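Biologist: I would like to learn how to read a structure like this one. Can we go through it feature by feature?

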Amino acid sequence: MSAAILDRLGLSPEEWSAIALSLRVAGVATLASLGPGLAVAWVLARRRFPGRALLDGLVHLPLILPPVVTGYLLLLAFGRRGTFGAVLADLGIVLSFRWTGAALACAVMGFPLMVRAMRLSLEAVDARVEQAAATLGAGPCAVFLTVTLPLALPGVLAGAVLAFAKAMGEFGATITFVSNIPGETQTLPSAIYTLTQVPGGEAGALRLTLVSVAISMAALLVSELLARRVGRRIGAG
Amino acid sequence: MTLAVDLALARGAFRLDVAFTAPPGLTALFGRSGSGKSTVIACLAGLARPDRGRIALDGETLLDTERGRAVPAHRRRIGTVFQEARLMPHLSVRQNLAYGRWFARGRRDRAGLEPEAVITLLGIGHLLDRRPAGLSGGEGQRVAIGRALLSRPRLLLLDEPLAALDAERKAEILPLIERLRDVAAIPLVYVSHAVSEVARLADTIVVIEGGRVAAAGPAEGILRRGDLGPYHAAEAGALLDMVVEADAPNSGLTLLSGRAGRLLVPRLNRAVGTGIRVHVPARDVLLSLDEPIGLSARNRLSGQVLALHPQADGTVLVEVDCGGAVLSARLTRASVHELGLVPGRPVFAIVKSVAFDPHGMGRAAGAVEI
């Protein structure tokens, strides 16, 4: 099956492995960010506390820093000798120069986009309906799960798709943090970059570029469809 | 089931300091907008925290700031109906009704009303599969009332539930609240700034003015003595418990009878024998020393002066005992002086039939629908 697809697209095994790795890295990065992203978005949308502006700035930092800087900071923190990296290494978890590190870099880079979309949709949820739910006996967790989250779902989905798309395209932080090792950390953008650097690589670069465009378009379409379905369920129906 | 409330809070220039008890039945929190009524409701529901206060329902302390006790909103079991319906937009009417019931499942201490009974009472059977966005204001508010009732509350708060509705929808929901008062078997706290609603529904009235309790007590006395405060003094009047005797033929009027005698009021379309509570505004009552003749007014009740209450605006509210029921008439000081009105003096009270507001006439508390 996979061999047949490979033949039809004319993709080499190396190119194919870059695509598979990118999908895995972006998927893991997105799924792992969902929980923390939702929590941070909720805190920013609903709580007033000292240090809120600082948290907001920290979350948005990867958006404005050069990606190379973010990647280098990750290397400093999560490298084998880094503050967190050493502790994690003792536990048997190594991030630098591994695909898991690529996922971490992608998650960090996509985080501000995800939080922003989620926060906007959480802010749009009518707090008066949440209050009504509380008077009906729903505790804070139940209110979040039965009222807040369902009403914010379109924004939550949009945030997840944005983070996924960002992860698929992340280059600077990833290559700085985990380098460009074929089969381990060579994601789609890294593979395209490598192919453009070698003579005769143009055809491969073009093939991967087309695949990249197709994946991004598909993600956008799926999110649009989901948002429309959710919107119909919540909305004027 | 008694609710004891004592609250104080300051928010900027606004100060609230109220204490009252609500006995079983319907207690109306009455006052102008901005007087602090809705803040009291928010504190009762657990949605706002006063700076200092105590709330006890049936002996259980829900809030005691001195002892640091505050039961969170979702554990208070106080149903709340807001000015807007506040239905969950992503759930159907049926799911909205089931929402509170789900959290109250397994609670056996209070039977409460069954869903079928509530759906019939509120007339929302045909709406069950609809979404809140497709409901009219009146329909939404009826569903909100049902949803609160089905959460098996120990107390039901209604925060101006009719404020956002037009007169027609109000007329459609008022009888429902009346029936609720009689069948729900829990105390109701009803916030309103409309005298007609309060006169029709309340057993007890707490008048709130500028964040303080200006008067509190049985509805009948508060309304009759003009304790509603200066802004509503004009609407003071007696509440009479009467019974539909007959629809007067060809006149568009209904004949009521009670201890005070007989009254002709605009046609009510209620069955003969139904208990009716009538609000007789004091400004629409005339007093005469002699039996009036050659007068267009249809209603003449004989009685004797019970007490005189001089008002801040220079008028006097004269209470007249008519066979055990007390009527009140607003007269100028000059008239009182001229007629020589003193307690014990026999008088005739005269009321025009058109003076009665049909919206202010509801079924008497506990009366049986016939």
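Modeller: Start where the two chains meet. The contact draws 20 residues from chain B and 18 residues from chain A. Bear in mind that this is a predicted model.

Biologist: Which elements of chain B each supply at least two residues to the side that touches chain A?

Modeller: They are α2 (73–76), β7 (78–81) and α3 (93–103) of chain B. By type, that side of chain B divides into 11 nonpolar, six polar and three charged residues.

Biologist: How does the radius of gyration of chain B agree with that of a compact globule?

Modeller: Compare the value with the one for a globule of that length. For 370 residues, a compact globule would have a radius of gyration near 21 Å, and chain B has 22 Å, so the two agree. The C-alpha trace of chain B spans about 65 × 50 × 35 Å along its principal axes. Buried residues account for 46% of the chain's 370 residues. Next, take the contacts in chain B between residues at least 6 apart in sequence: 67% of them join residues at least 24 apart.

Biologist: How many helices and strands does chain B have?

Modeller: Chain B has nine helices and 21 strands.

Biologist: How do I read a sheet?

Modeller: Strands of a sheet pair through backbone hydrogen bonds, either parallel or antiparallel. In chain B, an open sheet of five strands runs in the order β14-β13-β12-β15-β21, with antiparallel pairing. Its edge strands are β14 (261–266) and β21 (362–363), each pairing on one side only.

Biologist: How many bridges join β12 to β13 in chain B?

Modeller: Six bridges join β12 (residues 237–248) to β13 (residues 253–258), and these strands run antiparallel. For one partner pair, look at Val243(B): its bridge partner in β13(B) is Ser257(B).

Biologist: Now a helix. What should I check in α6 of chain A?

Modeller: Check span, then bend, then burial. Helix α6 (residues 99–123) of chain A has 25 residues and reaches 35 Å from its first C-alpha to its last, close to the 36 Å expected. A kink of about 40° lies at Gly110(A), shortly before the proline Pro112(A). Of the 25 residues of α6(A), 23 are buried, so the helix is largely enclosed by the rest of the structure.

Biologist: Is Arg119(A) buried or exposed?

Modeller: The cut-off for buried is 20 or more other C-beta atoms within 10 Å. Arg119(A) has 24, so it is buried. This residue is found in helix α6 of chain A. Beyond its neighbours within four places in sequence, Arg119(A) is in contact with Ala41(A), Leu44(A) and Ala45(A). Arg119(A) and Gly159(A) are 40 residues apart in sequence, and 9.2 Å apart in space, C-alpha to C-alpha.

Terms used
Residues numbered from 1 in each chain as written. Chains lettered and ligands numbered in written order. Predicted model: local features only at pLDDT ≥ 70, side-chain atom pairs only at ≥ 80, totals over all residues. Helix = DSSP H or I, 4+ residues; strand = E, 2+ residues; numbered from the N terminus. Expected span 1.5 Å × (residues − 1). Bend = angle between axes of the 7 residues up to and from the residue. Buried ≥ 20, exposed ≤ 12 C-beta atoms within 10 Å, placed from the backbone. Pairing = 2+ DSSP bridges. Rg over C-alpha atoms; globule rule 2.2 N^0.38 Å. Contact = placed C-beta atoms within 7 Å. Nonpolar A, V, L, I, M, F, W, Y, C, P; charged D, E, K, R; others polar.
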